[in-house]
Amino acid sequence: MPEDGEFIHYLTKWLASPTNEACPFGGAAPYSNAVVVQPNNTQNPIPASHFRTAHTPLHSQSDFIAAYASARRIAATVSESQNVDVFPYSKFYIFFDQYATIVSLAGTLLGSAIAIIFFLTSLLLGSLATGLVVTLTVIMIVVAVLGTMALSNVSLNAISLVNLVICVGIGVEFCAHIARAFQFPSKSLIAKAPTQLVGRMERGRDARAWAAMVNVGGSVFSGITVTKFLGVAVLAFTRSKIFEVYYFRVWLALVVWAALHALVFLPVGLSLVGGEGYMDSESEGSLEEDLNSRRYRALLPEEDYDSDDY
């Protein structure tokens, strides 16, 4: 049997031999592009090569994902046993490569976003407790959206992962206004709080939660929830399956769950474990006092106004 340089010499000739009737086993047709030969490289004359394998018939997305996972497992086994670098490649691997790391990537991205939210809300609101409640609310919103995705057959992939990261930011939008109104309450609204809240509140949490809902709760519902719901509802009439599955279902779940958590859970959580509030000496916190302080008195109704006079 030829060895070393002699083997490389005959291998080169065989790879150049056309596959025809005169030489049906010539290597030009099947292997001319499969082997890289460098005769002058005595240390590693064949630096790269590839060989073909076949999958069983694949019919569904789960079949393609399982096939790609099996190919990676076999390549890793060959690399470890033969001490060579082996990796699988196929055209459909390009589209399903994301599923190999999608779960860990989702955990990293969502975890990083949650950590940033906790840091910024605690810093800007001036309370670790309030920042923790807001962060917990956002986590519950994302978990609810994930559960809805599972029930509505929305798979976790690159598109849905991007939507989940955006859901984290929009969840903060639903919660930030109420949390800010809780931390910086209106003195006039606190004075109007029901006596049963004032009587049993701890450091004013119940009264401040009530004042926050009275002050901005309606704005969160009408200005954020309703407007986003109307915008998302348009996607229900799309003919594109990708928009209907990965956008309409996810965004509708986000609007519903974010509104429920922000308007129901968040005020209760703040009233129980929210941080200590701050009173702004220059602004009472409500729209009326804010307009008054900015000299927009013409926009405010006069106390002795009577419509019968006109």
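Q: Which residue forms a salt bridge with R249, and how far apart are the closest N and O atoms?

A: In general, side chains of opposite charge can pair when their charged atoms come close. In this predicted model, the partner of R249 is E244, and the closest N and O atoms of the two are 3.2 Å apart. R249 is partly exposed, with a relative accessible area of 24%. Salt bridges with shared partners join K241, E244 and R249 into one network.

Q: How many salt bridges does a search of the whole structure find?

A: The search finds three. One of them brings together the side chains of K228 and E173, with an N to O distance of 3.3 Å. K228 belongs to helix α10 (residues 205–233) and E173 to helix α7 (residues 158–183), so this pair ties together parts that are 55 residues apart in sequence.

Q: Where is T225 placed, and which residues does it touch?

A: T225 is also located in helix α10. Leaving aside residues up to four places away in sequence, T225 touches F174, V220, V255 and A259. Its relative accessibility is 9%, so T225 counts as buried. For the chain of 310 residues, the buried share is 32%.

Q: What order do the elements of the chain follow?

A: The chain holds 12 helices and two strands. Read from the N terminus, the order is α-α-β-β-α-α-α-α-α-α-α-α-α-α. A further question is how far along the sequence the contacts reach. Among contacts between residues at least 6 apart in sequence, 66% join residues at least 24 apart.

Q: Which residues of α5 and α6 meet?

A: On the α5 side they are L110, I114, I117, F118, T121, S122 and L125; on the α6 side they are L128, T130, G131, L132, V134, T135, V138, I139 and V142. Sorted by class, this contact has 11 nonpolar, five polar and no charged residues.

Q: At what angle do the axes of α7 and α11 cross?

A: These axes come within 9 Å and cross at roughly 25°. Angles under 35 degrees count as roughly parallel, so α7 and α11 are roughly parallel to each other. α7 passes α11 in a right-handed crossing. The contact of α7 with α11 has 22 nonpolar, two polar and no charged residues.

Q: Where is V37 found, and which residues does it touch?

A: V37 is in the loop between β1 (35–36) and β2 (48–49). Apart from residues up to four places away in sequence, V37 touches I8, L11, T12, L15 and P45. The C-alpha atoms of V37 and S49 are 8.9 Å apart in space, while the two residues are 12 apart in sequence. V37 is partly exposed, at a relative accessible area of 23%.

Q: What is the phi of N83, and where is this residue found?

A: The phi of N83 is near 60°, a positive value in a residue other than glycine. N83 is in the loop between α3 (61–82) and α4 (93–96), and at 70% relative accessibility N83 counts as exposed. A further case is N153, which has a positive phi of about 60° although it is not a glycine. N153 is in the loop between α6 and α7, and it counts as exposed at 66% relative accessibility.

Conventions. Residues numbered from 1 in each chain as written. Predicted model: local features only at pLDDT ≥ 70, side-chain atom pairs only at ≥ 80, totals over all residues. Heavy atoms only, no water. Contact = heavy atoms within 4.5 Å. Helix = DSSP H or I, 4+ residues; strand = E, 2+ residues; numbered from the N terminus. Nonpolar A, V, L, I, M, F, W, Y, C, P; charged D, E, K, R; others polar. Salt bridge = Lys/Arg side-chain N within 4 Å of Asp/Glu carboxyl O. Buried < 20%, exposed > 50% of the residue type's maximum accessible area, 1.4 Å probe, protein only. Axes fitted to C-alpha atoms, helices over the stretch in contact; angles between N-to-C directions. Parallel < 35°, antiparallel > 145°, perpendicular 65-115°, else oblique. Left-handed = near helix turned anticlockwise from the far one by under 90°.
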